[in-house]
Structures are given as C-alpha cells and as structure tokens.
Amino acid sequence: MTKITVIAVGKLKEKFWTAACDEYLKRLRPYAKVAVAEIADVDPARAGGIEAAREREGEAILNAVPEGSRVILMAIEGKQRSSVDFSRHLDELALRGTSDLTFVIGGSDGVSDAVRARADETFSFGPITLPHNLARVVLLEQIYRAYKISRGEPYHK
C-alpha cells in the first residue's frame with residue numbers, strides 16, 4: 001500500500017475545511033496510508049522578514065519529509081495534469097517501485113530554495129491562486145479521484 005504524506009504550512013482553523021479533509025482522508029483509507037503533517041506558519045514580522053520566515057518554514061518542511069520519500073511540491077509553475085493524467089502518473093510511480101510520496105503545500109509566501117531543491121517534481125492545479133486550506137482539500141480530493149480512476153471505479157459525489 002502506498003504511503004502518502006501531505007505536508008502543509010498552516011493549521012486548518014475553520015471546521016468546514018477540517019470536515020472536508022477528514023472526509024477525503026476517510027475515503028482514501030482503502031487505497032493508501034495517508035497522513036497530514038501541519039507545519040506552523042511563521043510570521044514574517046517576527047522572523048525578520050519574508051525570506052527568514054520562508055527559511056524557518058522550509059526547515060520544518062524538510063524535517064517532516066519521510067526519509068526516502070518522493071517529494072512533489074505544489075506550485076503554480078509546476079506541471080499541470082488532468083485528473084486522468086495525474087492518476088496515470090501515480091500508477092507509473094507505483095510501477096517504478098515508488099511507494100512513499102510526499103506532497104508539499106507551502107506557506108502564503110511560498111517555500112524556501114532548499115525545499116524547491118529537495119522536490120523531485122512540481123505539480124500545479126493551474127495558474128490560479130488557491131487559499132492554502134482549499135489547496136489541501138483539492139489535493140486530497142484529486143488523490144482520491146486518481147485512485148478511483150486507476151481502479152475503474154465510479155466516483156461517488
């Protein structure tokens with residue numbers, strides 16, 4: 001069973017975001033072992049600027065990446081894939097023996113150069129900007145959809 005870690009900067013504060021994520025995590029249980037690691041967002045005013053905050057968040061992100069995991073950074077400039085292409089990509093990774101994936105959703109000011117350097121690939125939902133809470137929900141939904149597509153199962157709405 002594939003192990004998937006979602007590392008996200010920032011805490012889900014509103015119950016509706018938590019409920020949506022919990023629903024997709026529940027739906028994913030038969031397909032993969034999925035865990036979410038929340039990284040505290042750093043206030044640039046207290047950290048000495050945006051770059052310093054990004055660096056501190058970056059250190060925490062890198063510390064949360066499981067050893068040997070393939071890191072997929074969520075970034076606007078990343079590769080865009082349809083849901084079907086994303087499903088095929090996950091299947092291809094599995095066929096190559098990749099059984100540990102980590103998706104990274106950075107903070108509101110992006111991620112450090114060290115996180116970018118650690119990423120094995122980047123993935124994008126397109127040129128739109130999503131609030132980080134919504135990006136987490138969309139990512140979990142797309143991972144779930146990818147498994148349903150891969151197995152030829154109907155997608156329950």
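Within strand β1 (residues 2-9), I7 has A37 of strand β2 as its bridge partner. The model is predicted, so local features need pLDDT of at least 70 and side-chain atom pairs count only at pLDDT 80 or more, while totals for chains, interfaces and linings use all residues. Residues are numbered from 1 along each chain as its sequence is written, and side-chain values use heavy atoms, with hydrogens and water left out. Helices (H or I, at least four residues) and strands (E, at least two) are DSSP runs, numbered from the N terminus.

**The sheet**

- Strand β1 pairs with strand β2 (residues 32-39) in the parallel sense, over eight bridges; two strands count as paired if DSSP finds at least two bridges between them.
- Besides the bridge between I7 and A37, V6 stands opposite V36 in β2.
- Five strands form an open sheet in the order β2-β1-β4-β3-β5, with parallel pairing.
- Strands of a sheet pair through backbone hydrogen bonds, either parallel or antiparallel.

**Residues of strand β1**

- Strand β1 is mostly covered, with seven of its eight residues buried; buried means under 20% relative accessible area, exposed over 50%, and partly exposed in between (1.4 Å probe, protein chains only).
- I7, placed in strand β1, is buried at a relative accessible area of 0%.
- Leaving aside neighbours within four places in sequence, I7 is in contact (heavy atoms within 4.5 Å) with A37, I39, I61, A64, V65, T102, F103, V104 and I105.
- The C-alpha atoms of I7 and E23 are separated by 18 Å, and these residues are 16 residues apart along the chain.
- A8 also lies in strand β1 and is buried, with a relative accessible area of 2%.
- Not counting residues up to four places away in sequence, A8 touches A37, E38, I39, I105 and R136.
- Between the C-alpha atoms of A8 and P44, 36 residues apart along the chain, the separation is 17 Å.

**Helices α1 and α6**

- Helix α1 (residues 15-28) packs with helix α6 (residues 132-150) at an angle of about 20°, and their axes are 9 Å apart.
- Axes are lines fitted to C-alpha atoms, for helices over the stretch in contact, and angles run from 0 to 180 degrees between N-to-C directions.
- The two helices α1 and α6 are therefore roughly parallel to each other; angles under 35 degrees count as roughly parallel, over 145 as roughly antiparallel, 65 to 115 as roughly perpendicular and the rest as oblique.
- The crossing of α1 and α6 is left-handed, a term used if the near helix is turned anticlockwise from the far one by less than a right angle, with right-handed used if clockwise.
- On the α1 side the contact is made by W17, A20, C21, Y24, L25, R27 and L28, and on the α6 side by N133, L134, R136, V137, L140, E141, I143, Y144 and Y147.
- By class, the residues of this contact of α1 with α6 are twelve nonpolar, one polar and three charged.
- Ala, Val, Leu, Ile, Met, Phe, Trp, Tyr, Cys and Pro count as nonpolar, Asp, Glu, Lys and Arg as charged, and the others, Gly among them, as polar.

**Helices α4 and α6**

- Helix α4 (residues 83-95) and α6 pack at an angle of about 75°, with axes 8 Å apart, which makes α4 roughly perpendicular to α6.
- In this packing, S83, V84, F86, S87, L90 and D91 of α4 meet Q142, I143, R145, A146, I149 and S150 of α6.
- The contact of α4 with α6 has six nonpolar, four polar and two charged residues.
- H89 lies in helix α4 and is buried, at a relative accessible area of 8%.
- Not counting residues up to four places away in sequence, H89 touches R81, R96 and E121.

**Loop residues**

- E14 is found in the loop between β1 and α1 and counts as partly exposed at 34% relative accessibility.
- The C-alpha atoms of E14 and N133 are separated by 9.2 Å, although the residues are 119 residues apart along the chain.
- G97, in the loop between α4 and β4 (100-105), is exposed with a relative accessible area of 57%.
- G97 and A146 are 49 residues apart along the chain, and their C-alpha atoms are separated by 18 Å.
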